[in-house]
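Here's a quick tour of some ring contacts and a helix packing. Have a look at the model first, then read on.

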Amino acid sequence: MNTKLLVIGLKNSNVRAFGKLFELYQPKIKAFLCSKNLGAGADDIIQETFITLWNKRETIDLTKSFDAYVLTIAKNYALKALRKQLSDEIDAANADIQDPSLAPGDFIDLRYYEKRIQSSVNKLPPQPKAVFTLKRQQGMSTKEVALELDISPKTVENYMNKALTALRKDLKDFAWLLLLPLL
């Protein structure tokens, strides 16, 4: 069946069309997430994607790419999951740092990590580096960074995603420490 007809059916609350779209797009979304190294929790992300798709079915713009729409929803849920995972790991690391049972020598390793993180930040291309520095190290909001660099907020988000992706790859062995020196 034609995808466009299925999308029209979905827009009209046709449950069968929704089921067919799920069958058609579930493998595409899973492959997309895996290609972006976002495969962890893919089933949950796919489920959330289709819940959102159903909830927003009446607002689907038939003139725009449905593929892009679905994959954008999935990507946003994947990034949300990654942010939560990173936040949880940072919280766990902070709990360890505040542990009074740590010996003074244990903090020597933190300086190594700080240097390693800063070295990775320094390797970033100029724009992602500037955005990362302003947002994470100087605590500016997306809007403030956009005004400072004279770029759109969406461009700030794109550069931030590029920076975090590059840092995650470069610091894969201890990515959970990514924000530690900034706290």
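Which residue lies over the face of Tyr25? That's Lys28, at 4.7 Å from the ring centre; a charge sits over a ring when NZ of Lys or CZ of Arg is within 6 Å of the ring centre and within 35 degrees of the ring normal.

## Ground rules

This is a predicted model, where local features need pLDDT of at least 70, side-chain atom pairs count only at pLDDT 80 or more, and totals for chains, interfaces and linings use all residues. Residues are numbered from 1 along each chain as its sequence is written, and side-chain values use heavy atoms, with hydrogens and water left out.

## Aromatic pairs

There are five aromatic pairs here. Rings of Phe, Tyr and Trp (its six-membered ring) pair if their centres lie within 6.5 Å, and planes under 30 degrees apart count as stacked, over 60 as edge-to-face and the rest as tilted. Take Phe18 and Trp54: with centres 5.1 Å apart and planes at 65 degrees, the pair is edge-to-face. Phe18 sits in helix α2 (residues 15-35) and Trp54 in helix α3 (residues 42-55), so the pair ties together parts 36 residues apart in sequence. Helices here are DSSP runs (H or I, at least four residues), numbered from the N terminus.

Phe18 is buried at 18% relative accessibility, while Trp54, at 23%, is partly exposed; buried means under 20% relative accessible area, exposed over 50%, and partly exposed in between (1.4 Å probe, protein chains only).

## Helix α6 and its partner

Helix α6 (residues 126-137) has 12 residues and reaches 15 Å from first C-alpha to last, close to the 16 Å expected at 1.5 Å a residue (that is, 1.5 Å times one less than the number of residues). Its buried residues are Pro128, Val131, Phe132, Thr133 and Leu134. Just after α6, Gly139 takes a positive phi of about 70 degrees.

α6 packs against helix α8 (residues 153-170) at about 95 degrees, with the axes 8 Å apart. Axes are lines fitted to C-alpha atoms, for helices over the stretch in contact, and angles run from 0 to 180 degrees between N-to-C directions. That makes the two roughly perpendicular, a label for angles of 65 to 115 degrees. On the α6 side, the contact (heavy atoms within 4.5 Å) includes Gln127, Lys135 and Arg136; among the α8 residues are Val156, Tyr159 and Leu167.

How values were computed:
Parallel < 35°, antiparallel > 145°, perpendicular 65-115°, else oblique.
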